[in-house]
Amino acid sequence: MGLRDPQYVVARPLYSEDAFTDEHEKIHRHHKTLRHHVKQYFTCDLKRAKNAALSLLPFIGWMRIYQLKEWLLSDIVSGVSTGLVAVLQGLAYSLLASLPPWYGLFTAFFPVIIYFFLGTSRHISVGAFPVLSLMVGAVVTRLVPDEGPPVNITGFEGLTSDEQRVMVAASVTFLMGIMQLAMGLLQVGFIVMYLSDTLVSGFTTAAAIHILVSQLKFVLGLVVPGLSGPLSIIYTLEKIFVQIEKTNVCDLVTSILIMVVVFIVKEINDRYKAKLPVPIPIEVIMTVIACGVSYAFNFRVIYKSPMAPNMQIFGQTAVEAFPMAIVGFAVAFSVAKVYSVKHDYIIDGNQELIAFGASNIIGAAFKSFAASTALSRSAVQESTGGKTQIAGLLSALIVMVVTLAIGFLLEPLPKSVLGAVVIVNLKGMLMQIREVPYLWRRDRPDCVVWVVTCLASILLGLDLGLAVGLGIELLTVVFRAQFPRCSVLANITGTDIYKDRKDYMSIYEPEGVKIFRIPSPIFFANIDFFRGKLVEAVGFNPLRVLRKRNKALRTIRKLLKKGELQMTSKGLLLTSSGPIEESEDESNMEELDQPTDFKDLPVQVNWNSELPANIQVPRVDVHSLILDFSAVSFLDISALKGLKAALKELIRVEVEVYIVACDEYILEKLHSCKFFDDEVKSSMFFLTLHDAMLHILEKHPVNSENTKVCEKRCQTLSWPTSVHSQELV
């Protein structure tokens with residue numbers, strides 16, 4: 001070790017938890033009761049009312065700091081750019097929802113307005129999201145199929161097929177909004193944490209494949225009924241390939257041409273985004289070209305007035321609405337979190353739920369379908385200089401202008417064009433499949449989550465696939481917690497550092513000492529696993545040893561009583577020459593699990609020495625066991641009982657047990673649950689692993705010759721104790 005190497009020297013007493021508590025007075029904190037929390041929650045004053053208003057209407061906060069000269073021009077450029085993209089994506093994604101194209105424009109307008117007032121993200125672009133649109137489309141085609149009569153619903157009388165579909169889409173969106181709003185008001189925004197990035201990636205990749213298949217009929221110009229439910233993608237592909245000879249060559253050529261041009265220009269946008277003031281709106285350009293000369297077509301005639309949701313549809317779509325609510329929020333929150341970190345501001349998950357809930361409820365009343373955000377559209381809003389949701393508001397105005405003024409130009413737009421636009425925009429989601437090899441190399445449980453979620457979502461449908469993926473993800477969490485990677489630690493020579501003994505060459509292990517580490521909480525599901533690994537680490541089963549010892553004591557007592565065993569100066573001596581059988585008396589089996597009792601014997605038995613009468617008892621070479629609890633964050637009641645039983649078994653076979661680095665909360669729980677008694681004492685708890693090791697070496701001195709080599713190579717890190725000769729080096 002060089003003279004200039006950074007070092008630190010510690011000189012302090014050796015601390016057990018009890019010794020540390022005696023020497024250092026703790027501050028007694030009064031924990032708030034449930035009654036106090038409830039009272040505080042319902043107490044209102046001027047400051048709290050102001051904070052509540054700012055929380056419910058976040059736009060007030062950023063409007064107060066709005067820098068008019070610096071931000072307004074950027075927001076205008078961003079709003080116009082995003083609005084053009086939103087128009088095209090709204091039209092295209094309405095096909096995924098199995099609705100007439102113009103209803104996608106409503107989704108790009110009404111939810112944006114509501115989110116402006118209630119949302120906490122300044123950069124996401126609210127509107128149609130392809131995965132969510134596809135989930136809406138699955139519900140729509142189930143209740144109003146392309147072929148055959150619709151489901152018997154009272155509100156369908158006198159409506160055309162398109163109007164029935166609009167009612168279904170609006171109603172399921174309304175129900176989805178109610179669920180999101182309720183979750184936001186109940187402060188359960190944390191639910192999104194259960195959807196990992198891996199799960200969302202696998203799910204959206206599967207959704208992209210669903211979307212790709214759903215657009216093939218438009219690209220090929222075929223008439224294929226919309227299908228939903230398990231294996232629907234297989235049946236859809238079957239129907240497409242059965243009539244593949246009927247392909248409309250004009251639609252196919254148009255789609256391929258548009259896809260090629262759009263793909264090339266989007267690649268140019270990505271490569272030269274630093275030099276381009278705004279991305280080239282190639283989708284808009286190609287769509288305008290494809291429209292050609294249009295006939296007068298006025299959306300205002302179609303739009304009419306707000307509509308009420310159908311309560312009968314609520315009952316038919318509740319199962320699908322919930323995963324839609326979760327997916328819509330999870331995707332939006334994930335995108336919002338990316339931009340909030342990049343631009344250094346805070347977003348509130350619960351307020352986002354409220355914002356999207358209100359946006360979908362009000363949007364559904366005006367015939368829009370489920371709204372979330374799309375990464376590509378949000379990227380346009382942020383990359384073109386958008387600073388606040390003023391850009392989102394302006395994008396909504398662009399959509400309104402298109403809807404009310406020039407919407408008639410879009411009337412002759414072929415669906416193959418929109419299908420091509422949708423397919424090209426799937427690139428990002430489809431390329432997520434490249435994550436699989438990386439996940440397989442780095443984290444196989446995560447890879448399993450990705451693959452199972454993707455396959456289940458493809459084969460079973462997006463709603464069931466999401467449920468399966470979530471189930472697999474929770475199983476992996478349980479698996480990791482239930483079967484953690486326990487390890488036996490050893491001292492790194494010359495330090496107070498302890499690492500897995502399998503990983504390092506220069507280690508020091510005092511004879512008779514084992515250090516066992518469990519890197520997870522201990523609870524009802526893994527307490528048996530923990531006890532099994534502990535037995536494996538110490539090299540013997542303490543309960544089996546204890547029972548063998550008590551059986552041996554029974555035999556010794558019988559032999560003494562019969563006079564076949566006598567006490568001599570050399571210990572117990574067998575006087576009988578005949579064969580002696582170990583006692584097989586199985587009565588009072590409970591006594592075999594009790595501590596060994598020598599009170600009626602003339603001598604205390606040394607279990608590691610040779611016993612008389614050929615009595616065999618397993619040898620125990622461990623005199624001290626240290627349990628490293630530094631990674632144990634909680635113990636439940638089942639774990640407390642199992643841990644206490646394990647400790648008693650070890651103590652009864654004369655193994656001294658020490659628990660180190662235990663969390664203060666766990667210690668308090670142990671005291672409150674009456675964990676300690678005459679056998680399991682609080683004195684076994686030590687502040688650090690090194691404290692416990694020094695204490696053990698003080699009680700069980702080791703041959704100093706074993707450490708001479710280390711002393712020559714390493715500086716000794718010693719902590720003063722009452723016996724200084726037992727320093728660990």
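This is a predicted model: local features need pLDDT of at least 70, side-chain atom pairs count only at pLDDT 80 or more; totals for chains, interfaces and linings use all residues.
Me: Which residue in β11 is the bridge partner of V660?
Reply: F686 is the partner of V660. On the other pairing, strand β9 (residues 624–628) and β10 are parallel over 5 bridges, with E656 in β10 as the bridge partner of S624.

Me: Through which helix does the chain cross from β9 to β10?
Reply: The path goes through helix α26 (residues 637–652), and this β-α-β crossover is right-handed. A right-handed β-α-β unit is also made by β10, helix α27 (residues 664–672) and β11.

Me: Why is β10 described as largely enclosed by the rest of the structure?
Reply: Buried means under 20% relative accessible area. Of the 5 residues of β10 (residues 656–660), 4 are buried, so the strand is largely enclosed.

Me: How many aromatic pairs are there?
Reply: Ring centres must lie within 6.5 Å, and planes under 30 degrees apart count as stacked. By this rule there are 20 aromatic pairs. One of them is F110 with F366, stacked at 4.6 Å centre to centre with 15° between the planes. The two residues are 256 apart in the chain: F110 belongs to helix α7 (residues 110–118), F366 to the loop between α16 (349–365) and β2 (372–373).

Me: Is F110 buried or exposed?
Reply: F110 counts as buried because its relative accessibility is 16%. F366, at 24%, counts as partly exposed.

Notes. Residues are numbered from 1 along each chain as its sequence is written. Side-chain values use heavy atoms; hydrogens and water are left out. Buried means under 20% relative accessible area, exposed over 50%, partly exposed in between (1.4 Å probe, protein chains only). Two strands pair if DSSP finds at least two bridges between them. A crossover is right-handed if, with the strands pointing away from the viewer, the path from the first strand over the helix to the second runs clockwise. Rings of Phe, Tyr and Trp (its six-membered ring) pair if their centres lie within 6.5 Å; planes under 30 degrees apart count as stacked, over 60 as edge-to-face and the rest as tilted.
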